[in-house]
Amino acid sequence: MPNQLQYETSPYLLQHANNPVNWYPWGEEALTKAIEEDKPIVVSIGYSACHWCHVMERESFEENDVAQVMNEHFVCIKVDREERPDVDAIYMDAVQAMGVQGGWPLNVFLMPDAKPFYGVTYVPKKNWIYLLGGVRSAFDEHRDDLIQSAEGFARELNLTDAERYGLTQNDPLFSPETLDVFYRKIAVKADDEKGGLRRSPKFPMPSIWRFLLRYYDVTMATTGGNEAALRQVELTLDRMALSGIYDQLGGGFARYSTDVDWFAPHFEKMLYDNGQLLTLYSEAYSLTKSPLYKHVVYQTIGFAQRELLSPEGGFYSALDADSEGVEGKFYTFEGWDLRQALGDDYEWFAELYNLTETGNWDPGHGMSPRNILHRTERDEAFAERMGWSLEELNVRLDATHTRLLHLRNKRIRPGLDDKILCSWNGLMLKGLATAYRVFGEPEFLTLALRLGFFLLKKMRDSRNGRLWHTYKNGRARQAGFLEDYAAVIDGLLALYQATFTENWLTEADQLMQYVVANFSDTSKAETGPDPMFFFTDKNSEELIARRKELFDNVIPSSNSMMAENLYVLSLLLERPEYADHADQMLGRIQPLVQQNADYLTNWAALFALRARPTAEIAIVGPEADQFRGALDAEFYPNKVLCGTTDKGELPLLQQRGPIDGKTAVYVCYNRACQLPVTSAAEVWRLLR
């Protein structure tokens, strides 16, 4: 008999709807039940593409003997962390405060008032049953101790940033020397042999390489360029693009590599990774002109369009790692499969991709070894070694990839998480808009425009202007979090600068005004007002803590993204109050960035943006878009663009027009403009 999850839309929750465990979704019904029945709560948090979440479900939550214990002694709540990042973050912080390494599935035990006292990640069935009994005995026999412990963790969760990190209000210091400090913090942890950071598992961490690109750009103006920083970015992007973490046949990146070589991925593909990596590889191409990076961008957009795009224009969340209950089965090959499919092309293809007859990867769990397509050699080097032209190699690769894709597409596909998340789609919007700005591919703009319209029409509440966090089956739900506003505003700002359609900028500003009104900290602390935004809307459900997201992770922190949004909007709309707010955020966070730059790299990238005055570029005239394309084709991150073919309403465009019918470009710094010019070459002379 289905449990209470049968009424949900989250694929992850629906996967558990037929468990014998009497799961409830997070909400008032379950929390009230715990108080009325005076039972402890077990909250199990995961997500659809999580391999170990599926394992724990098979081993424990589908078993009647486990369910009997859970149902009798606990109120059981299932949470999709992607739908409720607020709940996930609070209890993840609590578990880490307990000294437990975080991860998913995250299983947390709460008192009836929802305050946590113990937590674990994946636990095998035997240990889980033992743990359930021990927790229930402690609840019955040592309740006062558990209450004391839970109260302590709740106090910890409610510490302010001033109390937790000693943050106070200071003026930010913008200088190349400050960036050098940030760079050294990252450089000592970078893997200068294999790319990424010197650890495993290896995650893409786009904001790290985004900072290094901006740091390199700053050093170009001061010391001719820190080549070591650029080499580290190129090494990382090359190795990721050539290795197993990237789907060599179909495009798109997996969530992380389980080893230091980027070889064996955790095969789930997440929208948030691929959206950010589109931006990163597009920017890197604009600097290096590497054909590999262009290939990655085009192929990854092809993957997203083919496998994640909904009919309405939004993008689905993720593809599972597993198919037929086996991790990576869809993406890997047995040796005889490859030889049979490739025939005479097998030998050179196997040499390029490091394949063997017996398999180059052991998936474990009693499965026979399989092959992951993984390489370290670029096309140019391999073609030269084989005595082929690059064109000949590309023809051979196209033919072999097509054959293997045809073989792969006959298989049972990994599960699709078909909910649409606002924040992740904001990241994808930025990726598509950036790809269009760099490559000028019309299809990229078409996808970005459809997505922009979808977000504003389907994922915004027309009654009050707020965003919804999740959408499925024609229904949006769950009040948006700061990450939703941060990512969508960022995407809209990129879309405006790609099209010069002022409506996108107006929409971004309206969302920003909503954030300032509903996410600001209005308390009066002794250390002065805190400019950082809360993660949750003041009109949302009240949890045991209202937290602020400061640290950048695989996805940048919502506050670091908002600080950049404020700054860009201040320039485009001439809003000094936005610039002041951004400066307050940067001044407050700066001591923490100087200590932990490797955990605050998106903040560091914003400091890099501010190390020199930002170029405010107004393009006016019939060829505004062509000039925009010429300026976006080269890497120059420290600029904002606005433009019009005739007359524009934006402050930067007022009282500016073409010269003798020719498109004119005005380069301004701090609202002081230089004489207009009428060619892209003259613009670059002014900028450089």
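## Residue classes and ground rules

In this report, Ala, Val, Leu, Ile, Met, Phe, Trp, Tyr, Cys and Pro count as nonpolar, Asp, Glu, Lys and Arg as charged, and the others, Gly among them, as polar. The model is predicted, with local features needing pLDDT of at least 70 and side-chain atom pairs pLDDT 80 or more, while totals for chains, interfaces and linings use all residues. Residues are numbered from 1 along each chain as its sequence is written, and side-chain values use heavy atoms, without hydrogens and water.

## The enclosed cavities

Let us start inside. Six cavities of 30 Å³ or more turn up in a search of the whole structure. On a 1 Å grid over the protein atoms alone, a cavity is a set of points where a 1.4 Å probe fits but cannot get out; lining residues have an atom within 4 Å of a point. Grid points are joined across faces, edges and corners, and a volume is the space filled by probe spheres set on the points.

The largest cavity has a volume of about 440 Å³. It is lined by 25 residues, and Arg214, Glu283, Arg437, Pro637 and Lys639 are the closest to its centre. Its lining holds 10 nonpolar, five polar and 10 charged residues. At least two lining residues come from each of α10 (206-222), α12 (271-288), α18 (422-439), α20 (482-499), α22 (558-573) and β17 (639-644). Helices (H or I, at least four residues) and strands (E, at least two) are DSSP runs, numbered from the N terminus.

The second largest cavity holds about 230 Å³ of space. Of its 14 lining residues, Arg210, Lys430, Asp490, Pro556 and Asn602 lie nearest the centre. Here α10, α12, α18 and α22 are the elements that give two or more residues. This lining has five nonpolar, five polar and four charged residues.

## An open pocket

Now for a space that is open: a pocket is an open set with protein on both sides within 12 Å along at least five of seven lines. The second largest pocket has a volume of about 480 Å³. Among its 21 lining residues, His295, Asp379, Asn394, Leu397 and Asp398 are the closest to the centre. Two or more residues each come from α11 (227-242), α13 (291-307), α16 (379-386) and α17 (390-408), and α17 gives the largest share, seven residues.

## Aromatic contacts

The structure holds 36 aromatic pairs; rings of Phe, Tyr and Trp (its six-membered ring) pair if their centres lie within 6.5 Å, with planes under 30 degrees apart counted as stacked, over 60 as edge-to-face and the rest as tilted. The ring centres of Tyr285 and Phe439 are 4.8 Å apart and the planes stand at 40°, so this pair is tilted. Tyr285 sits in α12 and Phe439 in α18, 154 residues apart, so the pair links distant parts of the chain. Tyr285 counts as buried at 17% relative accessibility, and Phe439 counts as buried at 15%. Buried means under 20% relative accessible area (1.4 Å probe, protein chains only).

Elsewhere, ring pairs link Trp23, Phe61, Phe74, Phe109, Phe117 and Trp128 into a cluster. Arg81 lies over the face of Trp104, at 3.8 Å from the ring centre, and Arg375 lies over the face of Tyr353, at 5.5 Å.

Notes: Buried means under 20% relative accessible area, exposed over 50%, partly exposed in between (1.4 Å probe, protein chains only). A charge sits over a ring if NZ of Lys or CZ of Arg is within 6 Å of the ring centre and within 35 degrees of the ring normal.
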